[in-house]
Amino acid sequence: MLRQPQRITRMNRSDRIVVNWGHIALLAVIGSTIAAYLFDARATSLKVNNLLFVQPAAIAGLLLVLLVLPQCFRRVSADEPAPEAEPLSHLAKVAGLMAALVALALSMERVGFDVATFGFLVVALRLCGERNWIVNLGFSAAFTALLIYGYGAIIPFPFPLTIL
């Protein structure tokens with residue numbers, strides 16, 4: 001059943017704001033990491049060659065953090081029940097994605113950057129809800145090929161590759 005869009009109204013005195021502190025903490029970690037990396041890069045050298053990619057990407061990342069921040073605050077009416085905690089299935093997906101990322105990092109040199117990236121994408125798409133294997137495998141293959149050839153054009157050192 002489709003829900004009707006809510007009309008934006010003024011807050012009643014009985015309405016309250018629910019703050020998602022976990023998301024705010026994550027955004028703080030992401031934003032502070034981006035800022036620290038930018039400050040470190042600028043402290044090393046202010047030459048254009050050194051900041052060509054870092055500074056615009058860092059500024060874009062910080063702007064994205066600021067755009068996501070308002071979503072951490074939600075208005076809830078007094079008659080609406082309090083939001084529930086995350087179900088354990090969501091936490092299991094997060095743990096699975098973390099394990100897949102660790103496996104990617106540890107297997108890049110053994111099986112090759114291309115095979116490790118392809119495997120990570122297949123697992124990540126499956127965990128995030130993609131059930132169509134043709135779409136999953138096709139997207140993973142196409143993205144891996146674009147990533148390998150894109151990195152090869154930008155970064156001068158060779159990656160250990162198995163297939164590509």
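The points that follow go from the overall fold to the annotated spans and then to one surface patch.

1. The model is a predicted one, and its secondary structure comprises six helices and two strands, which follow one another from the N terminus in the order β-α-α-α-β-α-α-α.

2. Of the 164 residues in the protein, 18% are buried, and the protein exposes about 12,800 Å², of which carbon and sulfur atoms supply 68%. When contacts between residues at least 6 apart in sequence are considered, 61% of them join residues at least 24 apart.

3. According to UniProt, in an unreviewed entry, the feature "transmembrane region" is placed at residues 21–39, 51–69 and 135–159. In the model, residues 21–39 are 100% helix and 0% strand, with the end C-alpha atoms 26 Å apart, while the span 51–69 is 84% helix and 0% strand, its end C-alpha atoms lying 26 Å apart.

4. A nonpolar patch on the surface is formed by I17, I59, L63, L66, L69 and F73, which together have about 540 Å² of accessible area. Helix α3, covering residues 54–68, contributes three residues, the largest share of this patch.

How values were computed
Residues numbered from 1 in each chain as written. Predicted model: local features only at pLDDT ≥ 70, side-chain atom pairs only at ≥ 80, totals over all residues. Heavy atoms only, no water. Patch = residues over 30% accessible without salt bridge, like charges linked within 9 Å, V, L, I, M, F, W, Y side chains within 5 Å. Areas by Shrake-Rupley, 256 points an atom, 1.4 Å probe, with all protein chains shown as cover. Salt bridge = Lys/Arg side-chain N within 4 Å of Asp/Glu carboxyl O. Helix = DSSP H or I, 4+ residues; strand = E, 2+ residues; numbered from the N terminus. UniProt positions renumbered as here; feature names shortened; annotations may be inferred. Buried < 20%, exposed > 50% of the residue type's maximum accessible area, 1.4 Å probe, protein only. Contact = heavy atoms within 4.5 Å.
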